[in-house]
Every structure is written in C-alpha cells, then in structure tokens.
Amino acid sequence: MGSIVSLLGLFINGPLHNNTAYSFGLIESECLNSGEHPKAMSEQWRTSKSSRTRTEQNQMLIDDQTNTSPDIGPKKKSKSKYWDWVSSSSDEEEKEENHVIGKLDTAPVENLRPRSLKSTKKSQHATPSSHKPNVSTPSSIKKTVTLTPTLPKRLTAPLTPSTPLQLARESLHLSRVPESLPCREAEFQSIHRFLLSKISQSTTGCMYISGVPGTGKTATVHAVMRKLKQEIGDKFVYVEMNALSIPEPKRAYSRILELLLNVDAPPEQAKAMLERHFTRPHGPCVLLIDELDYLCNKRQDVIYNILEYLNKPKSRLIILCIANTMDLPERTLKGKVSSRMGLTRLMFKPYDHHQLQEIVQNRLKNNNCFHPDAVQLVARKVAAVSGDARRALDICKHATRDAKEGELITPLQIQKTLQSIFSSKAVRYLLALGEMHRLLIRAIRDETLRTGVEETVLHSVYNQFKAIWTLEVSHIPVPTSARICDVILELSDMGLVIIPDTKVTIFHKISLNVSSDDIHYALTTAANA
C-alpha cells in the first residue's frame with residue numbers, strides 16, 4: 001500500500017504536473033487553426049491522457065507484484081521498472097507538446113488569444129514566450145492645454161482729470177483718501193495718545209469706539225495709524241479685520257491668524273495658534289476689529305476669547321473695537337465680556353450741517369464748480385436725516401454727473417439731483433405702501449437705529465410696531481403676529497426687506513434692504529401728502 005501512495009505522490013509532483021498548465025494553454029492556441037471549440041478539444045485531450053495514464057499505472061502495479069516474492073519479508077519497489085516508466089512518460093509528453101508547439105508556430109499571430117493570468121504566470125517560469133503582448137496604443141496623445149487669461153494692452157493712456165467737473169468728481173469719490181480729516185481733531189488726538197502710550201510702555205489695552213454710520217470712525221483710526229507709522233516706524237504690527245467680511249464669527253480666528261502670521265488654518269487650529277503666539281514674547285500688535293457687533297453670537301465666546309488675549313502674561317496686544325451702538329458693552333455683551341473690554345470709550349457724534357459743509361469744501365479745495373449755497377443745501381438735507389458724510393459726498397458726486405462743463409452747480413440743480421435720487425424704485429415702492437406696511441418699515445428702521453445692528457429679530461420689531469400703532473392708529477386693534485409675518489413676506493417680495501427663508505416666524509431675523517434716507521424721504525412725503 002505504501003508503494004502505491006509513494007507512486008501517486010511522485011506522479012502528481014512529477015514533470016507531468018509542471019507541464020499541464022502549459023499544455024492547456026497550447027491547446028487553446030491550436031484550436032484557433034482547426035476551428036474546433038477549445039473546451040471540447042481540451043476535454044478530449046484530458047480523457048485520452050488520463051486513460052493512458054491509468055493503463056500505465058495498472059501495468060506497473062502488476063509488474064511490481066509479479067517481481068516481488070511473498071516469502072521474503074515486506075514488498076519492495078522495482079526501481080528499474082519505475083524509472084523506465086517515468087522516462088517513457090516524459091518522452092511521450094514531450095512528443096505531444098512538440099507536436100502542439102509545431103502547430104502553434106505555424107498559426108498566424110493575429111489568431112492567437114491571450115492566456116489566462118494564472119497560466120501565463122506558470123508558463124513564464126516554464127518556457128519564456130517570444131511573442132510580445134498585443135497592447136493597443138493610442139494613435140494620438142492628448143495634451144493638457146492651460147488657458148491663461150490675458151488682458152489686451154491699453155492702446156492709449158487713461159484719461160487724466162483736467163476739467164473742474166472731472167477733478168471734483170474724482171475728489172468726491174468715497175474711495176479717495178483725504179489728506180486731512182476735518183472736524184475730528186479731538187477724536188484723532190484721543191486715539192493717538194492712547195495707542196502711543198500703550199506701545200511705548202509695552203502694555204495691553206482696549207478702546208471701544210462707537211457712533212452712527214458715516215461719522216468717520218474708521219477713517220480717523222486709519223489717519224492715526226498713518227501718523228504712528230511716520231513717527232515710530234515698524235516698531236509695531238497693525239492688523240485690521242472687518243467682521244462683515246467673514247461668514248461666521250468663529251472665522252475671526254482664521255482671519256486674524258492669516259493677517260498676523262500669514263498662516264491659513266481652520267478656526268479651532270487658528271484659535272490655539274493665536275493663544276500660543278500671544279503667550280510667548282512678541283512685539284506690540286494693534287488689532288482693529290471693525291463692526292464688532294457682528295461677532296456677537298449667542299454664546300459671545302469669540303469676543304470673549306479675543307479679549308482674553310489681553311490677559312496673557314507676555315501679551316503686548318492693543319485692541320480697537322468699532323461698532324455703531326454706543327452702549328453695546330452694557331446692553332448686549334455679558335458681564336465677563338464687557339469687563340475685559342475695559343472702560344476706555346470714545347463716541348463719534350453725527351455731523352451737523354456746518355461740519356458736513358466743511359467736509360465737502362475740504363474735498364473740493366479750490367474747485368469753484370459748486371455754488372456755496374448748493375453745498376450748504378446738501379449739508380442741511382443730510383444732517384436732517386442721518387448726518388452721514390458719505391451720503392453728502394455721494395449727492396455732490398451725482399450732481400457733477402448731471403451738470404455740463406463750464407456750468408456752475410446751483411441749489412436748483414441740487415434739488416433736481418435729490419429728487420432723482422429719492423425717486424428710485426425703492427422710494428416709489430415705499431410711497432405706494434399701505435399704512436400697515438409703512439408703519440412696519442418704520443418700526444424696523446427705529447429698531448435698527450436703537451440697537452445699532454442692521455439685522456434684528458422680528459419679535460423686537462413687533463414690540464416697536466405695537467407702540468407706534470397704539471399711538472397713531474388707536475382706533476384699530478393691533479394686528480396679530482401672524483399678520484405681521486405675512487406683511488414681512490410681502491415686503492420681501494418687493495425687495496424692501498431681507499429674510500433668511502421663505503417662511504417667517506416671529507423669532508426670525510430680518511434686515512432692511514433700503515437706506516434710512518430713502519425711508520425718511522418716503523415717510524416725510526407720505527405724511528405731507
């Protein structure tokens with residue numbers, strides 16, 4: 001029995017096993033010329049080969065038994081018979097393989113079919129193939145073309161303002177930085193003394209600057225920074241961030257880190273990096289946060305963490321906070337936040353008509369295209385509404401566009417300009433509103449002025465609306481909150497109010513999409529009608 005097992009083991013692991021996979025691959029190639037199905041021919045070859053193998057095995061066992069004597073101990077294998085069988089088997093296999101290979105060499109190359117991955121790997125170790133794989137190559141290689149936008153060369157030089165009207169139009173532009181800032185000398189000196197003392201003493205500090213829009217808060221700070229750069233040079237770092245330029249309050253960390261260290265990082269990582277920076281020794285740093293009220297989220301954690309940098313042991317940070325609300329620290333901020341802000345406050349009062357007239361004349365300098373009464377009319381109109389210097393400059397700039405070269409801009413032309421400005425689409429909508437819609441717009445305007453924040457909650461507006469309705473329309477019951485929500489949707493469809501969603505509740509935030517000057521003009525015109 002042992003001899004049978006040994007014989008089968010040698011048969012399985014012998015040269016027949018090593019050449020079987022290769023022979024099957026050659027059979028498939030042979031079938032391409034004969035036209036016979038590869039599977040049928042493979043089965044026929046296996047059947048004939050297995051039948052021959054079984055016959056040879058049986059004959060070998062019979063010979064083994066006849067040559068072994070039962071009287072002499074255990075049975076022994078006949079080595080000569082066995083090796084004769086192995087050599088004859090190998091010779092027969094080589095003859096068959098040579099026969100198949102001969103037919104394979106005569107077959108056209110295009111009729112050959114690639115073998116399977118398994119048989120290919122085995123055949124590579126047995127006999128290397130001289131045929132190269134049929135790899136299809138693209139006829140043309142696609143090249144990536146990068147388009148670089150270019151601007152055409154300017155054929156002529158840009159026009160330089162030469163006429164009085166062109167010079168006036170350029171000097172009245174809001175983006176133009178004035179050489180001097182009139183009517184804010186006292187505020188300029190207060191900010192300058194505060195910053196200079198903190199930088200020279202290497203201490204921290206915070207100043208809260210408040211005032212209605214257009215009163216020169218940011219422009220005064222910029223003038224102070226230019227003055228300090230001239231006086232002490234690069235002994236401090238200046239970083240400015242506007243809260244309106246970031247999508248959410250926590251992005252303030254990333255913005256400050258990018259401006260300070262030129263590193264782009266997510267908010268949480270930027271917060272940790274800023275804390276490490278202000279904990280280590282560093283030079284004086286002046287941080288200006290404009291529109292601070294837009295960082296006031298519900299938790300107020302962003303303002304708290306930024307002000308907390310002032311209390312670091314080695315910090316030399318100086319913060320200037322600008323907002324529209326005068327009492328923001330006491331009314332809106334929590335106690336732990338307002339206490340870290342300190343008590344250094346500076347309020348910018350609205351410009352009166354004398355100051356607005358001086359500001360416009362300072363921009364115009366020696367330009368005589370405006371009649372003095374025309375400038376005075378603009379100053380009085382704007383001072384009666386908001387005291388916004390930017391509004392006065394914008395009205396004068398519109399007047400230069402409507403005037404002709406060589407003509408003097410008179411108060412009559414200013415009046416026409418004011419009518420054209422206040423006859424806009426928004427003003428026409430406001431004049432066509434009903435009483436409830438007009439009073440609701442007024443309530444939103446009053447609540448915005450009261451808080452100093454452009455975005456307000458409808459619940460607070462509704463309380464303001466009820467107070468106005470009770471005083472002016474006492475004979476009609478106050479509309480319900482559901483009715484007010486419907487009116488807000490109607491105002492949003494007109495483009496007068498901005499709402500976050502198509503559905504409005506009493507707790508949604510809303511904001512005006514028209515200027516306070518247009519509202520004032522429309523309400524005054526409707527009241528006088």
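Is Asp388 buried or exposed? Asp388 is buried, with a relative accessible area of 14%, where buried means under 20%, exposed over 50% and partly exposed in between, for a 1.4 Å probe and protein chains only.

## Basis of the model

The model is predicted: local features need pLDDT of at least 70, side-chain atom pairs count only at pLDDT 80 or more, and totals for chains, interfaces and linings use all residues. Residues are numbered from 1 along each chain as its sequence is written, and side-chain values use heavy atoms, with hydrogens and water left out.

## The surroundings of Asp388

Asp388 lies in the loop between α15 (372–385) and α16 (389–402); helices (H or I, at least four residues) and strands (E, at least two) are DSSP runs, numbered from the N terminus. Apart from residues up to four places away in sequence, Asp388 touches Pro213, Gly214, Leu356 and Val382, contact meaning heavy atoms within 4.5 Å.

The Asp388 side chain also reaches the backbone nitrogen of Arg390 at 3.0 Å. A polar contact is a pair of N or O atoms within 3.5 Å; within protein, one must be able to donate a hydrogen and the other to accept it, and residues adjacent in sequence count only if both atoms are side-chain atoms.

## The parallel sheet

Five strands form an open sheet in the order β2-β3-β4-β1-β5, with parallel pairing; two strands pair if DSSP finds at least two bridges between them. Strands β2 (237–242) and β5 are the edges, each pairing on one side only. On average, neighbouring strands of this sheet are turned by 15° against each other, direction ignored. Axes are lines fitted to C-alpha atoms, for helices over the stretch in contact, and angles run from 0 to 180 degrees between N-to-C directions.

## Strand β1

Strand β1 runs parallel to β4 (residues 317–323), to which six bridges join it, and Ile209 has Ile322 of β4 opposite. With β5 (residues 345–348), β1 pairs in the parallel sense over four bridges; here Arg345 is the bridge partner of Tyr208.

## Packing of α19 and α21

The axes of helix α19 (residues 435–451) and helix α21 (residues 481–494) come within 11 Å and cross at roughly 85°. The two helices are therefore roughly perpendicular to each other, a term covering angles of 65 to 115 degrees, whereas under 35 counts as roughly parallel, over 145 as roughly antiparallel and the rest as oblique.

Met436, His437, Leu440, Ile441 and Ile444 of α19 make the contact with Arg483, Ile484, Val487, Ile488, Glu490 and Leu491 of α21. By class, this contact has eight nonpolar, one polar and two charged residues. Ala, Val, Leu, Ile, Met, Phe, Trp, Tyr, Cys and Pro count as nonpolar, Asp, Glu, Lys and Arg as charged, and the others, Gly among them, as polar.

## Ile498 in strand β7

Ile498 belongs to strand β7 (residues 497–498) and is partly exposed, with a relative accessible area of 42%. Beyond its neighbours within four places in sequence, Ile498 is in contact with Lys509, Ile510, Ser511, Leu512 and Asn513. Ile498 and Leu512 are 14 residues apart along the chain, and their C-alpha atoms are separated by 6.1 Å.
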